[in-house]
Amino acid sequence: MSRLVFVLNGPNLNLLGKRQPHIYGHETLADVERDCRALAAELGLELRFHQSNREYEIIDWIHEARESAGAIVINPAAFTHTSVAILDALHTCEFPIFEVHISNVHKREPFRHHSHVSSVAAGVIAGFGTQGYLLALRRAARLIDDAGA
Ligand code: DQA
């Protein structure tokens, strides 16, 4: 199984650290990328880390991942709650997908309680802050290791 993991981030996450810090914290997306890269190196994973405000770009990265990756970690941000297109793209992948939310979406507005992505996810992490990305990477590495054992 491929040791390449795509970490994909949806709209407005480029503003992490500036955007509603009482909800999302003070860390920037560059901080998250740095921590993910450090952990990936420790776990022997290769990493692609992307963010976009455009739905089609996220779909294109999922298509790229389906040809080459062993897992996807995705925080689809607001597209979580709206995008059947991202769900359909994820359905074409034959490896584990992990959905990450920095905030606990279940504690927030009712429209955030439904996720299109959860139905295809091997696991969902919400409310662990940016540490959720690292937890998802550890789980991805474990499943990739187990598949190769
Ligand atoms: C989010 C939660 C979503 O509801 C929201 O639209 C986001 C970020 C999170 O990481 O907590 O943009 O995915």
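Here is a quick tour of this protein, from its overall build down to one proline. The model is predicted, so to speak plainly about the rules: local features need pLDDT of at least 70, side-chain atom pairs count only at pLDDT 80 or more, and totals for chains, interfaces and linings use all residues. Residues are numbered from 1 along each chain as its sequence is written, and side-chain values use heavy atoms, with hydrogens and water left out.

**Overall build**
- The protein has 5 helices and 5 strands, counted as DSSP runs numbered from the N terminus (helices are H or I, at least four residues; strands are E, at least two).
- Buried residues (under 20% relative accessible area, with a 1.4 Å probe and protein chains only) make up 48% of the 149 residues.

**The sheet**
- Five strands form an open sheet in the order β2-β1-β3-β4-β5, with parallel pairing; two strands pair if DSSP finds at least two bridges between them.
- β2 (46-51) and β5 (123-126) sit at the edges with a single partner strand each, so one side of each has no neighbour in the sheet.
- Strand β1 (residues 4-9) is joined to β2 by 6 bridges, and L4 stands opposite E46 in β2.
- Helix α2 (residues 29-43) packs on the sheet, touching β1 and β2, and its direction makes about 165° with that of β2. Axes are lines fitted to C-alpha atoms, for helices over the stretch in contact, and angles run from 0 to 180 degrees between N-to-C directions.

**Two helices side by side**
- Helix α3 (residues 55-68) and helix α4 (residues 84-91) pack at about 5°, with axes 9 Å apart.
- That makes α3 roughly parallel to α4, a label for angles under 35 degrees.
- In α3, E55, I58, I59, I62 and H63 meet A85, I86, A89 and L90 of α4; contact means heavy atoms within 4.5 Å.

**A closer look at P11**
- P11 lies in the loop between β1 and α1 (21-24), and counts as buried at 9% relative accessibility.
- Leaving out residues up to four places away in sequence, P11 touches R19, Q51, S52, N53, P76, A77, A78 and F79.

Note on methods: Angles under 35 degrees count as roughly parallel, over 145 as roughly antiparallel, 65 to 115 as roughly perpendicular and the rest as oblique. Buried means under 20% relative accessible area, exposed over 50%, partly exposed in between (1.4 Å probe, protein chains only).
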